[in-house]
Amino acid sequence: MRRLFSPFDLSIKGKLILICTITTASALFLTSVVFISTEFISLRRSLVNNLFSFAGTVASNVKGAVAFNDEKSAEETLSTLDSVPTISRAAVYDRNGLMFASYRRESTISVPDTLPLAHGAFRFGVNHVEVSQPIILDKEIIGNVTVTSDLSFFYSRMAVYIAILFGVMGLSLLASYLMLAKLQLIVTKPILNLAGLMEKISRKRDYSIRAKIYGRDEIGSLAHGFNEMLTKIQARDEELELYRKHLEELVKKRTSQLSEANNQLKQELTERLRAEKALVESEHRYRTIFETTGNPSLIADDSGTISLVNTAFEKWSGYSRKEVEGKSWMNFCFGEDRPKMKHYHDLRNSDPEAAPGNYEVRLLDREGNVHNTYLSVAVIPASKRTVCSILDLTELKRLEEQLRQSQKMEAIGRLAGGVAHDFNNILTAIIGYASLIQMKMARTDPLRSYVNSVLASAERAAHLTTGLLAFSRKQVIAPKPLDLNSVIKNVQQLLGRIIGEDIELRTDCPPHSITVFADQGQIEQVLINLATNARDAMPEGGVLSITIEIVVLPETTSQTRADQKPGNYALITVSDTGIGMSKKTVESIFEPFFTTKEVGKGTGLGLSIVYGIIKQHNGYVDVCSEPGSGTIFRIYLPLVDARDQGNLKAAASRGRTVGGNQTILVAEDDVAARALIKEVLETYGYSVIEAVDGEDAVNRFEEHRDNIDLVVIDVIMPKKNGRAVYEHITKTRPRIRTLFISGYTADIINEKGISDKNLNFLSKPVAPDVLVAKVREVLDLPGT
Ligand SMILES: Nc1ncnc2c1ncn2[C@@H]1O[C@H](COP(=O)(O)OP(=O)(O)OP(=O)(O)O)[C@@H](O)[C@H]1O
Ligand SMILES: [Mg+2]
C-alpha cells in the first residue's frame, strides 16, 4: 500500500520549513494559549471583582429600602441598573432569602432563575456570572443582593483576543515561512549542491569535480570530506584505470592465447571426433565384414585363445560362441595336424614374416567330423591378435575326387573305345569271312570244326569289344519307354538261375509302373552283371535284393555328386550280403579289366559295362560297400515325363524278311569290310555298287542315282566323310534310305553333323545276319 505521507519523503527544504513552521506555530500557539488563559483568568477576576463592587454598591443603596421594607424604593434603585449594559439581572433578597426586589434587562440573554447565592459568593453559568453581596446594616446582614452579568461581552472580548492572536500567529508563520524560504538556502544549498554533485559524479563518473565549500559548518566538513574522498577515489580510479588497462591488455593477450588454444582444441576435437567416427565406422565395417563374410572366421590372441568368432563359424562348427570363445583353437585341430598348426602359430609369434599366411589343416566340428580346411591367417596390425578365415575344402575335395574319377573313367573310356573300334574292323572281317566259309562249306567238311573255332574265338573277342564299347558308351542302343517293373519280372527267372539256390532273391517293386527311356537289353545286362558279381561275393549264400522306387534328386548339395542333375529318377537298388569291398577296391571297380577274381574267372568288364550303360542312359551309379558288410549298388535313371511316353512308343519292332533284290550302294573305305558286306548282301540276293571313299560314293551315286534303293555309308571315310556324302545324296533324293555303319556310336555320328532322329545305324563288327536283317528293316520302312 502506498504511504500517504512521510516527512522523510520531503526535501531538506521542505523538512526545514516543516520543522520551523511546526516549531514556530507551536511556540506561538503555546504563547497564545498562555496569554489567552492569563487574559481569561484576569478578565474573569476583574469581572467578578467589578460585579462584587457593583453588587456592594447596590447593597448599600438598597439597605434602607430593605431595612424599611420598601420594595418600591428597592425596585427603583435596581432600575438604575439599566444604565449598566453588562448587568442583565439583579435581585434583592431579605434576610429570609425571599426575593424582595428584582431587575431584569430586556433583550438580554435569558438567565435562569437560580437559588440565591451565599453571601459573598459567585457563580459562573454558561453565558453569565452572578455574584452575591450581603446587605449589612449595622453590622447585621439584613438581606442579600445578587447581580448577574451577561458574559457575551466577556466572550466577544476573548474572541477579539483570540482573533488577534491567531492573526498575529498567521502573520508570524507567514513571516517565518518567508524568512525560512530564504534562510533555508544557507542550510540546503550546500547540501543540494553536494547532492547534485554526487549525482553528477555518479552519472559522469568524473571524480575530478569538487564540491564547493560554503562554510566551516558540518556541511562544509562534509563537503571537505567528500572532496577528500573524491581525491582518493580519483587517485584510486586512475590507479584502477591503469590497472584495468593493464588487465585489459593482459586479458586481451590471454583471450587471444585462449582463443588460439581453443581453436587448436576445436581442431583437435574435430580431428578426434572424425578419427573416432572413422574408427567406429571402420570397426563397424570390419565387424560387418567379419560377420557377413561367408567364411567361418575367428580372432585369437597370441596364446591362441579364441576371442571372437562369427556366425558362419558357429554355423559351420556347430559350437555356440560361448562354447568357443576363451578356448584355445588348437582344441579344434585334428590330432595329427596339431604339431604343424602349433609350429606355424609359434612361428607367427616369433617371426610373423616367416609364418605362412595360408595353409591346409584338418579341423574338427562339434560332431567330431573332420574337415579339410584352408586357413588364411593374418596378424591384426598393432595388436598381437590374429584373424583367421576358414575355407572348408571338404566338399571341394570330394567333388575334385569325383571329377578326377570321372575324368579317369572318361580317358579310359576313350582308350577302350578306340581299341574296340579298330578291333571291330578286324573282327568284322574275321567273323564275316569265317561265316561265309561256314555257309559255303559242306556240313561234313573236316575243316568245319576249325572254322567253328575261329568263329567262336572271334565271337568272344567281339563280346569283349562290345563290353569295351558299352563301357565307353560307344555302342548303339535302342532306347524306348520302359517299365522297370516289367524288366525285373522278365529277368527275374534268369537272375535266379545265375545266383543259384543258396542265394535268396528278393525283389521289391511298387504297384505302379516306373517308366524310364532305356534299352531293355542293356538294363537287363546291367542287372545280370550286378547279380553275377553278387553271386561271386556270396559263395556261402545270402540275400540279393533288388528294389525299385522313385526319388527326387535335389540341386547339388554336399551329399550329391558333382555332375548330378536335379530331377525325378527311378532308383534301382541292388544289394547283397556278401563279402563287401575295401575302399581301395571300390575306387577301381568301374575301370575296365579291374578284377579281384582269379584268371579265367572274371574279365573285369562287368561293372565297366554297367557304368557305360548307365552313363549312356544319362543316369548315375553309386556304390556303398565295406568289407564284410555287403555291397549296395544304386542306379539312378531319369524318369520319363508322362507326356513324352506316347511319342516314344513309336519304336515298335517290325517283321523281318531276310534278303531282297534291291540295289545297294556300299561306301566303305576298309577293303575287307567292304568286300564282306558286298559278299553278304549279294549272297542274300541284293545288287551291290561299291564305293571306296566318300568322293567315290558321290560319283557312284550320281551314276546310278535312280536305281539305288539303299545307301550303306561308313561314317568315317577319307576324302569325304559319311555326313558330306549323306548331305550330297539327300539333296538329289531327300528321302532315300540310308544305313550308317561305324565302329563309333551314334554320339560320334551326331558329332559329325548327322542328327536325323530316325537314323539307321549299325555298329561294327557287323555280323552278316544282323546286317541283312537291318538292311531288310530299312528297306521295309514305310513312306519312301
Ligand atoms: N557285389 C560285389 N561284392 C564284392 N565285390 C564286388 C562286387 N561287385 C564287384 N565286386 C568287385 O569288383 C570287381 C570288378 O567287378 P567286375 O564285375 O567289373 O569284374 P569281374 O566280376 O571281376 O569280372 P567280369 O564281371 O568281367 O566277369 C570284382 O572283381 C570284385 O572284386
Ligand atoms: Mg563281374
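Which backbone N or O atom lies 2.9 Å from an oxygen atom of ligand 1? I looked this up at the start, keeping in mind that the model is predicted. The atom belongs to Leu 607.

**Entry 1: the ligand**

I stayed with ligand 1 and checked how much of it the protein hides. On its own, ligand 1 has 580 Å² of accessible area, and the protein covers 91% of that. Next I looked for other polar partners. Gly 606 has a polar backbone atom 3.2 Å from an oxygen atom of the ligand. Thr 596 uses its side chain instead: an N or O atom there is 2.3 Å from a ligand oxygen atom.

Then I listed the surroundings. I found 18 residues around ligand 1. The closest are Asn 533, Thr 595, Thr 596, Lys 597 and Thr 603. I sorted the shell by class and got seven nonpolar, nine polar and two charged residues.

Which helices each supply at least two residues of this shell? I noted α11, residues 520-537, and α13, residues 606-616. The largest share comes from α11, with three residues.

**Entry 2: a hairpin**

I moved to strands β1 and β2. β1 covers residues 87-94 and β2 covers residues 99-104. They run antiparallel, and five bridges join them. I picked out one bridge: Ala 91 is partnered by Ser 102 in β2. The hairpin has four residues between its strands.

**Entry 3: the antiparallel sheet**

I traced an open sheet of five strands next. Its order is β7-β6-β10-β9-β8, and the pairing is antiparallel. Which strands are at the edges? They are β7 (306-309) and β8 (358-364), and each pairs on one side only. Neighbouring strands are turned by 30° against each other on average, with direction ignored.

I looked at one pair in detail. β6, residues 297-300, meets β10, residues 386-392, over four bridges. Ala 300 has Thr 386 of β10 as its bridge partner.

Helix α4, residues 218-292, lies across β6, β7 and β10. I noted an angle of about 80° between α4 and β7. Helix α7, residues 338-350, also packs on the sheet and touches β8, β9 and β10. The direction of α7 makes about 130° with that of β8.

**Entry 4: the parallel sheet**

I then followed another open sheet of five strands. The order is β19-β18-β20-β21-β22, and the pairing is parallel. Why is one side of β19 and of β22 left without a neighbour in the sheet? β19 (687-691) and β22 (761-763) stand at the edges with a single partner strand each, so one side of each has no neighbour there.

β20 is residues 710-714 and β21 is residues 737-742. They pair in the parallel sense over five bridges. In one of these strands, β21, Arg 737 is the bridge partner of Leu 710.

I finished with the helices on this sheet. Helix α16, residues 694-704, lies across β18 and β19 and runs at about 140° to β19. Helix α19, residues 768-779, packs on the sheet as well. It touches β18, β20, β21 and β22. I noted that its direction makes about 150° with that of β21.

Technical notes. Residues are numbered from 1 along each chain as its sequence is written. Chains are lettered from A and ligands numbered from 1 in the order in which they are written. This is a predicted model: local features need pLDDT of at least 70, side-chain atom pairs count only at pLDDT 80 or more; totals for chains, interfaces and linings use all residues. Side-chain values use heavy atoms; hydrogens and water are left out. A residue is near a molecule or strand if one of its heavy atoms lies within 4 Å of it. A polar contact is a pair of N or O atoms within 3.5 Å; within protein, one must be able to donate a hydrogen and the other to accept it, and residues adjacent in sequence count only if both atoms are side-chain atoms. Accessible areas come from the Shrake-Rupley method with a 1.4 Å probe; for residues, only the protein chains shown count as cover. Ala, Val, Leu, Ile, Met, Phe, Trp, Tyr, Cys and Pro count as nonpolar, Asp, Glu, Lys and Arg as charged, and the others, Gly among them, as polar. Two strands pair if DSSP finds at least two bridges between them. Axes are lines fitted to C-alpha atoms, for helices over the stretch in contact, and angles run from 0 to 180 degrees between N-to-C directions. Contact means heavy atoms within 4.5 Å.
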